[in-house]
Amino acid sequence: MILNISNIQHFSTGDGAGIRTTVFFKGCNLRCPWCHNPENLSAAPSVLHYKNLDKTEIMGKRVTVDEILPELLEDKDFFDQSSGGVTLSGGEVMLQADSAAELAIALRSCGVGVLIDTAGCVPYSEFEKLNAVVQGYLFDFKTADAKKYKEIGGDLELVSENIKKLKNEKLELHIRIPLIPGFNTDLGSLEAICRHLEKTGIKEVELLPFHRLGSGKYEAMVLEYKYAKLPPMKADELERIAQLFGTKGFSVKKEG
């Protein structure tokens, strides 16, 4: 079975517990204008030309599990020492659920656990292909506003039902909220997210503050980046939002 990926990143520390290796899958069914991996929006290879470096990079290759497994296992000692493993990210991994499951099975047979980073906008039948062979999911929840979800190509009802069903599976389920100024960081939006997640039975959240680390990729791909002039979220703003979630009864983890 073929995996359509862009790259493999070693020694990741923000994609789950411990030291991890992250495999980035090509193709996504959402169009979030703040996405920091625009090279993975399309399933087709992406060309990035960095003018300041006079460097051109083509992101995207089709590989088999057997072809990439040796590289992923190079870091097994680090996984074992740090309780880490492999994270499959994107793009949207769940668009390649069959291939992702084959990779997860191969890694599990070698004693390496797998987490899936997903936005969850797929039928639950896709999750059922992976639930038995992965440790769990890093699940991005973007807004409690159905209209806003639709604007980025998502479906709030589908996402919510998937969260409820995954919670019942007793797998690791980490709900992560990207904090995007002008989209979901006003008081009304945040309180709505709290109310909505509470209904799904979620008690813990991870807050992902907005940053512009992907801006260079947009320039290299000659794409408009609507958030180019928006400053990164300040620490005191992140703390204010974390306190709000705390007052609503959530256990809060903050990235950055």
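## Lysine 142

Where is the place of lysine 142? This residue sits in the loop that runs between strand 8 (136-140) and helix 5 (146-151). The model is a predicted one. In it, lysine 142 has a relative accessible area of 6%, and because buried means under 20%, lysine 142 counts as buried.

Which residues is lysine 142 in contact with, leaving aside its neighbours within four places in sequence? They are Leu30, Cys32, Trp34, Ala119, Tyr149, Ile152, Pro178, Phe183, Asn184 and Ile193.

Glycine 91 belongs to the loop between strand 6 (85-89) and helix 3 (97-109).

Serine 83 is not a glycine, yet its phi is positive, near 60°. The loop that holds serine 83 lies between helix 2 (76-82) and strand 6. Valine 222 is also a residue other than glycine with a positive phi, in this case about 55°. Its loop lies between helix 8 (215-220) and helix 9 (235-247). Are these two residues buried or exposed? Serine 83 has a relative accessible area of 58%, and valine 222 has a relative accessibility of 72%. Exposed means over 50%, so serine 83 is exposed and valine 222 is exposed.

## Cysteines without disulfides

How many disulfides does a search of the whole structure find? The number is zero. For cysteine 28, the closest cysteine sulfur is that of cysteine 32, at 6.6 Å from its own sulfur. A disulfide needs two cysteine sulfur atoms within 2.5 Å, so the sulfur of cysteine 28 is too far from that of cysteine 32 for a bond. Cysteine 35 is in no disulfide either, and its nearest cysteine sulfur, that of cysteine 28, is 6.6 Å away.

Cysteine 28 is buried, at 18% relative accessibility. Cysteine 35 is buried as well, with a relative accessible area of 18%.

## The largest pocket

Rolling a probe the size of a water molecule over the atoms shows where empty space is left. The largest pocket holds about 960 Å³ of space. Its lining is made of 40 residues, and those that lie nearest its centre are His36, Asn37, Ser89, Asp117 and His211. By type, the lining of the largest pocket divides into 15 nonpolar, 15 polar and 10 charged residues.

Several strands take part in this lining. At least two residues each come from strand 1 (2-12), strand 2 (20-25), strand 7 (114-118), strand 9 (172-179) and strand 10 (204-209). Strand 1 gives the most, with three residues.

## The second largest pocket

The volume of the second largest pocket is about 460 Å³. There are 25 residues in its lining, of which Leu173, His174, Ile175, Glu204 and Glu206 lie nearest the centre. Nine of the lining residues are nonpolar, six are polar and 10 are charged.

Which strands each supply at least two residues of the lining of the second largest pocket? They are strand 9, strand 10 and strand 11 (251-254). The largest share comes from strand 9, with five residues.

In soluble globular proteins, nonpolar side chains tend to be buried together. In this model the largest nonpolar core has 73 residues, and Leu88, Leu130 and Phe245 are the ones with the most contacts inside it. Helix 3 gives the most to this core, with seven residues. A second, separate core has five residues, including Leu48, Tyr50, Met59 and Ala220.

What does phenylalanine 245 touch, not counting residues up to four places away in sequence? The residues are Ile177, Leu190, Ile193, Cys194, Val205, Leu207, Phe250 and Val252.

## Leucine 208 in strand 10

Leucine 208 is part of strand 10. With 12% relative accessibility, leucine 208 counts as buried. Not counting residues up to four places away in sequence, leucine 208 touches Asp140, Arg176, Ile177, Pro178, Leu179 and Glu255.

How many residues apart in sequence are leucine 208 and glutamate 255? The separation is 47 residues, while in space the two are 5.4 Å apart, C-alpha to C-alpha.

How values were computed: Residues are numbered from 1 along each chain as its sequence is written. This is a predicted model: local features need pLDDT of at least 70, side-chain atom pairs count only at pLDDT 80 or more; totals for chains, interfaces and linings use all residues. Side-chain values use heavy atoms; hydrogens and water are left out. Helices (H or I, at least four residues) and strands (E, at least two) are DSSP runs, numbered from the N terminus. Buried means under 20% relative accessible area, exposed over 50%, partly exposed in between (1.4 Å probe, protein chains only). Contact means heavy atoms within 4.5 Å. On a 1 Å grid over the protein atoms alone, a cavity is a set of points where a 1.4 Å probe fits but cannot get out, and a pocket is an open set with protein on both sides within 12 Å along at least five of seven lines; lining residues have an atom within 4 Å of a point. Grid points are joined across faces, edges and corners, and a volume is the space filled by probe spheres set on the points. Ala, Val, Leu, Ile, Met, Phe, Trp, Tyr, Cys and Pro count as nonpolar, Asp, Glu, Lys and Arg as charged, and the others, Gly among them, as polar. A nonpolar core is a set of buried Ala, Val, Leu, Ile, Met, Phe, Trp, Tyr and Cys residues joined through side-chain atoms within 4.5 Å.
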